[in-house]
Amino acid sequence: MKLLSPTLLTVALAAAFPAAAQSNEALLKELQALKARVNELEKKLQAAPAEAPKPQWGMTPEQAAEFNRIANKTEALEDSREMLGFKNLKVSGYMDPAFIYNKAQNRMGAQFLNKVGDDGYNYDNSYFGAAVIDFQKETDSGVKWRLTLSPNRGVGSVFDGDSIVQEASVSIPLTDLQTRLIAGQLPDWSGYEYLPATQNKLITHNLLFDFTLPTAYTGIGMDVTNGKWITKFMVGNMNKSKKDAGMRQPMLAYRVDYSKGEFNGFGFAGVHGNAANFSENILDVDGNVVPQGESRVDLFEVDGYFIRGDWTIQGQASFGRQKNAAISANADGGLQDSQWWGLSGLAAYKFTPRFEGIARLDYLNNAKNGGGLLGFTASDSRNGIGPGWSRDAEGNWVQADPSKGANRMALSMGLSYLFDTSTTLKLEYRLDRANQAVFENVKDGSYSKTNHLLGASVVVAF
């Protein structure tokens with residue numbers, strides 16, 4: 001029995017060994033085949049990015065071709081737009097046909113695109129009734145270019161007579177986008193009211209805007225933004241595109257604004273230097289007016305605003321004077337200085353998001369030396385400027401005291417309705433008053449202390 005057990009074990013081992021060896025050899029072959037397959041897949045994966053892109057899932061070959069065509073066309077349009085200069089070009093504009101009734105002038109009717117040079121600048125004429133188009137372009141380097149055209153109704157028409165240019169300016173960044181060189185022709189930036197009808201709540205402008213502020217500046221200066229402060233100034237000409245022969249002294253115009261918070265802020269502006277003097281008080285031996293050229297002007301104003309919710313409140317105080325530009329001459333027939341000061345305040349409340357009520361009150365003290373305002377150096381019975389009129393013993397109208405000009409006030413009340421996103425309807429009643437009889441009733445040649453104006457306009461912008 002002892003001999004039988006080892007023999008059986010030996011036989012069993014001998015029978016099992018060939019099977020185990022055969023099994024390991026097959027497993028090794030399978031592993032080698034699997035490794036080869038993995039290597040083959042890795043090579044295909046590495047080669048996949050170099051192959052032609054396949055259409056995305058969900059797109060047929062026709063849809064993929066259409067998508068590629070649209071992409072190529074879009075890129076071509078973008079290249080064409082940039083080549084033609086349309087990149088970052090903005091075009092906007094507005095029209096505001098108006099209807100005006102002026103009692104003293106005995107005038108009622110439509111008012112649109114009338115030429116300022118033919119009629120002069122008046123409070124019942126101003127800048128409304130315009131058609132304006134504005135082009136603004138900004139280059140990739142941050143240079144800004146602007147051209148605003150306003151035939152017959154822009155600032156160019158006021159001081160030039162024939163120019164249709166409201167603004168032609170460039171703004172060039174220097175050290176950064178917040179520090180800029182500015183040059184060209186820019187409308188005046190004084191006061192709380194803006195010139196365009198799209199930014200002016202009423203139809204007419206306040207007394208300070210019309211009679212005490214410059215029209216435009218032509219020159220070169222700076223525009224600097226520092227946090228809540230914005231400062232800009234120009235050196236050049238006021239209300240003149242080119243100096244006349246013999247005129248060499250420039251003027252300095254500046255404005256500083258501070259945004260105190262989200263709802264309120266204030267600013268101030270000034271002009272100092274020489275400007276045109278239109279006085280007609282000096283005559284030659286033949287009785288012709290001797291032109292005065294230019295004389296010293298000093299203007300300063302401060303304004304502020306509060307806008308929150310449905311309320312808008314704005315205000316302004318101005319002071320000005322011009323050498324040898326008073327309406328009345330002195331006792332010896334010589335020229336005198338004109339001087340004035342004034343206040344203006346506006347309040348507006350939105351009854352609904354579209355419907356707003358507006359009230360504005362102005363006062364202008366202009367009594368010294370018979371009166372005289374910026375650009376107004378003679379009596380003006382349409383605007384109510386200069387010494388008052390009264391009847392003498394024979395019933396004729398005369399200026400009894402030429403040395404004392406009339407002080408003016410104006411109360412305007414209006415409604416504004418936003419018809420749609422681009423259309424605003426305006427209605428305004430205005431009462432103008434003076435402490436002397438300075439408004440001529442053209443119907444009979446009489447004079448009164450008050451005048452009434454009614455206006456309506458539709459402002460359409462894009």
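Reader: Into which classes do the residues lining the largest cavity divide?

Author: First the general idea: rolling a probe the size of a water molecule over the atoms shows where empty space is left. On a 1 Å grid over the protein atoms alone, a cavity is a set of points where a 1.4 Å probe fits but cannot get out, and a pocket is an open set with protein on both sides within 12 Å along at least five of seven lines. Lining residues have an atom within 4 Å of a point. Here the lining of the largest cavity divides into nine nonpolar, three polar and two charged residues. Nonpolar covers Ala, Val, Leu, Ile, Met, Phe, Trp, Tyr, Cys and Pro; charged covers Asp, Glu, Lys and Arg; the others, Gly among them, are polar.

Reader: What volume does the largest cavity have?

Author: About 80 Å³. A volume is the space filled by probe spheres set on the points, with grid points joined across faces, edges and corners. Of the 14 lining residues, Asp-96, Phe-128, Ala-197, Asn-200 and Ile-203 are the closest to the centre of this cavity.

Reader: What sort of model is this, and what do its values rest on?

Author: This is a predicted model: local features need pLDDT of at least 70, side-chain atom pairs count only at pLDDT 80 or more, and totals for chains, interfaces and linings use all residues. Residues are numbered from 1 along each chain as its sequence is written, and side-chain values use heavy atoms, with hydrogens and water left out.

Reader: What is the mean pLDDT of the protein chain?

Author: pLDDT is the predictor's confidence in each residue, from 0 to 100. The mean for the protein chain is 90, and 92% of its residues reach 70 or more. Residues 1-21 stay under 50, with zero contacts beyond four places in sequence. Contact means heavy atoms within 4.5 Å. Where pLDDT is low, the predicted coordinates should not be read in detail.

Reader: How many cavities of 30 Å³ or more does the structure hold?

Author: Three. E11, E12 and strand E13 (311-322) each supply at least two of the lining residues. Such labels are DSSP runs numbered from the N terminus: helices (H or I) have at least four residues, strands (E) at least two.

Reader: What volume does the second largest pocket have?

Author: About 600 Å³. The second largest pocket is lined by 29 residues; Thr-198, Gln-199, Asn-200, Lys-201 and Glu-356 lie nearest its centre. Its lining has eleven nonpolar, eleven polar and seven charged residues. Among the elements that each supply at least two lining residues are strand E14 (338-350), strand E15 (355-365) and E19.

Reader: Is Thr-423 buried or exposed?

Author: Buried means under 20% relative accessible area, exposed over 50%, partly exposed in between (1.4 Å probe, protein chains only). Thr-423 has 12%, so it counts as buried. Thr-423 belongs to strand E19 (residues 423-434). Beyond four places in sequence, Thr-423 contacts Tyr-417, Leu-418, Val-458, Val-459 and Val-460.

Reader: Why does Ala-359 count as partly exposed?

Author: Because its relative accessibility is 35%. Ala-359 is in strand E15. Its contacts, leaving aside neighbours within four places, are Gly-345, Leu-346, Ala-347, Ser-412 and Met-413.

Reader: How many residues has the largest nonpolar core?

Author: A nonpolar core is a set of buried Ala, Val, Leu, Ile, Met, Phe, Trp, Tyr and Cys residues joined through side-chain atoms within 4.5 Å. The largest has 30 residues, and Phe-211, Tyr-217 and Met-238 have the most contacts inside it. Among the elements that supply at least two residues each are helix H5 (207-211) and strand E9 (229-238). A second, separate core of seven residues includes Tyr-121, Tyr-127, Phe-209 and Ala-216.

Reader: Which residue has a positive phi of about 60 degrees although it is not a glycine?

Author: Most residues other than glycine have a negative phi, and most peptide bonds are trans. Asn-239 has the positive phi of about 60 degrees. Asn-239 lies in the loop between E9 and E10, and is partly exposed at 23% relative accessible area. Asn-369 also has a positive phi, near 55 degrees. Asn-369 sits in the loop between E15 and strand E16 (390-391), and is buried at 17%.
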